[in-house]
Amino acid sequence: MPRLILLRHGQSLWNRDAIFTGWTDVDLCDNGIKEANRAAELLKEHDIQFDQCFTSYLHRSIHTLWIVLDALDLTWLPVERNWRLNERHYGALQGRKRDEVMEEVGREQLQLWRRSYTATPPALTEDDPRFPGNLRKYAGVPRRHLPLTESLKDTVSRVLPFWQERVEPLMMQGHTPLISAHGNSLRGLIKYLDGIADEDIPSLEVPTGKPLVYELDDGLRTVRSYYLEDGQEAHNLPKAKAAPSTA
């Protein structure tokens, strides 16, 4: 049975301090390092094997994977970094404390920006130093693909080509990937894999540092999914009639 492991990075410094992060390159806090080590312990305890690793371009995701591979003596495994796995881009909110934003715009607007499927936060301008096009690490990414802001829907559309072009073919060849990424990029994959409806996905939470295992059939359709820590079903949201398109 094909298997996939999804892992949201351990808690970051800005997760801890309730600051909008997005594509800002923030490292793990001490608790996040502990979460990454615990993720490795859980993978070992449950004898979860994998042979290919993917991560985003962001340090907190890369660092989490490094910790896991080092703890499991698997640093020799192939690792591919892909910008499409980056966190949702929060535009001009990046670097701002959530409480400060709420004081300015109110709780309802804040929640709309954070949790709506289609709402986008205020956009950056291209001359803003936070715009990815001004960073060397994205020099190889076509400028038209680099966001000034994103909704969750935009993030799903960004992540799915990665899944279809890079992960699906490997899994059809018998490989078992581990993807170390972010709350919203992983929510996009989960939405696709489980056919979760647009109106239900905002309520789905992906905890930091907890391996999420998917068991799939030969057509890569979900049979079941569960977090290793408790072994229970990962979530129980109503399913959409069909998986989202890449459009």
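**Note on the sheet and its helices**

1. Strand β1 (residues 3–8) runs parallel to strand β4 (residues 177–181), the two being paired over 4 bridges, where pairing requires that DSSP finds at least two bridges between two strands. Within this pair, leucine 7 stands opposite serine 180 in β4. Strands here are DSSP runs of E with at least two residues, helices are runs of H or I with at least four residues, and both are numbered from the N terminus.

2. This is a predicted model, in which local features need pLDDT of at least 70 and side-chain atom pairs count only at pLDDT 80 or more, while totals for chains, interfaces and linings use all residues. Residues are numbered from 1 along each chain as its sequence is written, and side-chain values use heavy atoms, with hydrogens and water left out.

3. The open sheet is formed by 6 strands in the order β3-β2-β4-β1-β5-β6, with mixed pairing. Its edge strands, β3 (79–81) and β6 (222–227), each pair on one side only.

4. Helix α3 (residues 59–71) lies across β1, β2 (52–55), β3 and β4, at about 155° to β2, whereas helix α7 (residues 183–194) lies across β1, β4, β5 (212–216) and β6, at about 150° to β1. Angles run from 0 to 180 degrees between N-to-C directions, and axes are lines fitted to C-alpha atoms, for helices over the stretch in contact; contact means heavy atoms within 4.5 Å.

5. Helix α4 (residues 98–105) packs against helix α5 (residues 107–115) at about 125°, with axes 7 Å apart. Arg98, Val101, Met102 and Val105 in α4 meet Arg107, Gln109, Leu110, Trp113 and Arg114 in α5.
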